[in-house]
Amino acid sequence: MWLIKQYPQLKDSQIAKLVSITKNSVTAIRNKSYWNFNNLTPKDPVAMSLFSQKDLISAIEKAERRIKREKSAKKK
């Protein structure tokens, strides 16, 4: 939930890979239709040692490159 709020540019598949959950779960959390959504609390996954800061930065950079590529494709 923290990743979805802090980094909306990340795709569901990127978040799922980082946190090791299914893409469907990430989509359900994003849409607020997750079965246990009311009990979720946003916490920094790096602080919880789910993955490293390096992994997060590389995922963010990849998402930014994708967005830049999509914008340049629209201009053409």
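1. Of the 76 residues in the protein chain, 29% are buried. The model is a predicted one, and what follows should be read with that in mind. The accessible surface of the protein chain amounts to about 5800 Å², with 51% of that area belonging to carbon and sulfur atoms.

2. The C-alpha trace spans about 45 × 30 × 20 Å along its principal axes. When contacts between residues at least 6 apart in sequence are taken, 56% of them join residues at least 24 apart.

3. The largest nonpolar core holds 16 residues, and the members that touch the most other members are Leu3, Leu10, Ile15, Leu18, Phe51 and Leu56. At least two residues of this core come from each of helix 1 (2–6), helix 2 (12–19), helix 3 (23–30) and helix 4 (53–75). Helix 4 makes the greatest contribution to this core, namely 4 residues. In soluble globular proteins, nonpolar side chains tend to be buried together.

4. Which residues does leucine 10 touch, not counting residues up to four places away in sequence? The partners of leucine 10 under that condition are Leu3, Ile15, Arg30, Ala59, Ile60 and Ala63. Two of these partners, Leu3 and Ile15, are themselves among the core residues that touch the most other members.

5. Helix 2 deserves a separate remark, since its buried residues are Asp12, Gln14, Ile15, Ala16 and Leu18, given that a residue counts as buried under 20% relative accessible area. The buried residues of this helix pack against helix 1, helix 3 and helix 4. Helix 2 is followed by serine 20, whose phi is positive and near 65°.

6. The phi of lysine 32 is near 60°, while that of serine 49 is near 65°, and in each case the positive value occurs in a residue other than glycine. Is lysine 32 buried or exposed? Lysine 32 is exposed, because its relative accessible area of 62% falls over the 50% cut-off. Serine 49 likewise counts as exposed, at 64% relative accessibility.

7. Leucine 40 also belongs to the loop between helix 3 and helix 4, but its relative accessible area is 27%, so leucine 40 is classed as partly exposed, a label that applies between the 20% and 50% limits. Leaving aside residues up to four places away in sequence, leucine 40 touches Met1, Ile29 and Tyr34. The C-alpha atoms of leucine 40 and alanine 28 are separated by 12 Å, these two residues being 12 residues apart along the chain.

8. On charge, the protein chain carries 17 positive and 6 negative charges, and the mean positions of the two sets are 6 Å apart.

Key: Residues numbered from 1 in each chain as written. Predicted model: local features only at pLDDT ≥ 70, side-chain atom pairs only at ≥ 80, totals over all residues. Heavy atoms only, no water. Core = buried A, V, L, I, M, F, W, Y, C linked by side-chain atoms within 4.5 Å. Buried < 20%, exposed > 50% of the residue type's maximum accessible area, 1.4 Å probe, protein only. Contact = heavy atoms within 4.5 Å. Areas by Shrake-Rupley, 256 points an atom, 1.4 Å probe, with all protein chains shown as cover. Lys, Arg positive; Asp, Glu negative; His and termini not counted. Charge placed at Lys NZ, Arg CZ, Asp CG, Glu CD.
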